[in-house]
Amino acid sequence: MSEKKEPGVWEGFKAFLMRGNVVDLAVAVVIGAAFTNIVNSVVKGVINPLVGAFGTKDLDHYSSCLKSPCQMNGAGEVTKGIPIMWGSVLSAVLSFVITAAVVYFLMVLPMAKYLARVAARRAEKEGTKEVMELTELEVLKEIRDALVAQRGSGHREE
């Protein structure tokens, strides 16, 4: 009598890692991390200086004081008051919007258009195949009818 051995933890873990969606997710995380660095560099290197051209500081330094007076030491730590660092939040929002726009316009939109084209081609081929099958079926019916008519009009020898 042979007993069926259940897969061990290691085999289950290997199967989990080798699934396609897990590998795709890992690649997406790595690319996303690298892309985040690029977007953050654009925000800090381009957008913040542009904002600074209209104001006196970059976005990270814009703040309001909730409880006056706000004082900070040389390291940027709050020593007195309650500052609201809305410039940092605005910078993070801009980073998110830029990242989302790039991902949408460079990855999602082209892929959606490609998949729509592939689906349209597939539907067109299936439609043509259906018409051909229908035509073949009609021809076969005509042949059958002709054979039946031949048998019916011919005489039988018994």
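**View 1. Phe13 is partly exposed, at 42% relative accessible area.** Here "buried" stands for under 20% relative accessible area, "exposed" for over 50% and "partly exposed" for in between, using a 1.4 Å probe and protein chains only. What you're looking at is a predicted model, in which local features need pLDDT of at least 70, side-chain atom pairs count only at pLDDT 80 or more, and totals for chains, interfaces and linings use all residues. Residues are numbered from 1 along each chain as its sequence is written, and side-chain values use heavy atoms, with hydrogens and water left out.

**View 2. Trp10 and Phe13 share helix H1 (residues 9-18).** They sit three residues apart, about one turn of the helix. Helices (H or I, at least four residues) and strands (E, at least two) are DSSP runs, numbered from the N terminus. Is Trp10 buried or exposed? With a relative accessible area of 56%, Trp10 is exposed.

**View 3. Tyr104 and Phe105 make an edge-to-face pair.** Their ring centres are 5.1 Å apart and the planes meet at 80°, so the pair gets that label. As for the cut-offs, rings of Phe, Tyr and Trp (its six-membered ring) pair if their centres lie within 6.5 Å; planes under 30 degrees apart are stacked, over 60 edge-to-face, and the rest tilted. Tyr104 is partly exposed at 38% relative accessibility, while Phe105 is exposed at 52%.

**View 4. The structure holds two aromatic pairs.** How far apart are the ring centres of Trp10 and Phe13? They are 6.0 Å apart, with the planes at 40°, so this pair is tilted. If you're wondering about the two numbers, a pair of aromatic rings is described by the distance of the centres and the angle of the planes.

**View 5. Ser91 is a buried residue in helix H3.** Which residues does Ser91 contact, leaving aside its neighbours within four places in sequence? Those are Val43, Asn48, Leu59 and Asp60, where contact means heavy atoms within 4.5 Å.

**View 6. Stepping back, the protein chain has three helices and two strands.** From the N terminus on, the elements run α-α-β-β-α. Buried residues make up 7% of the 158 residues in the chain. Among the contacts with a separation of 6 or more, 36% come from residues 24 or more positions apart.
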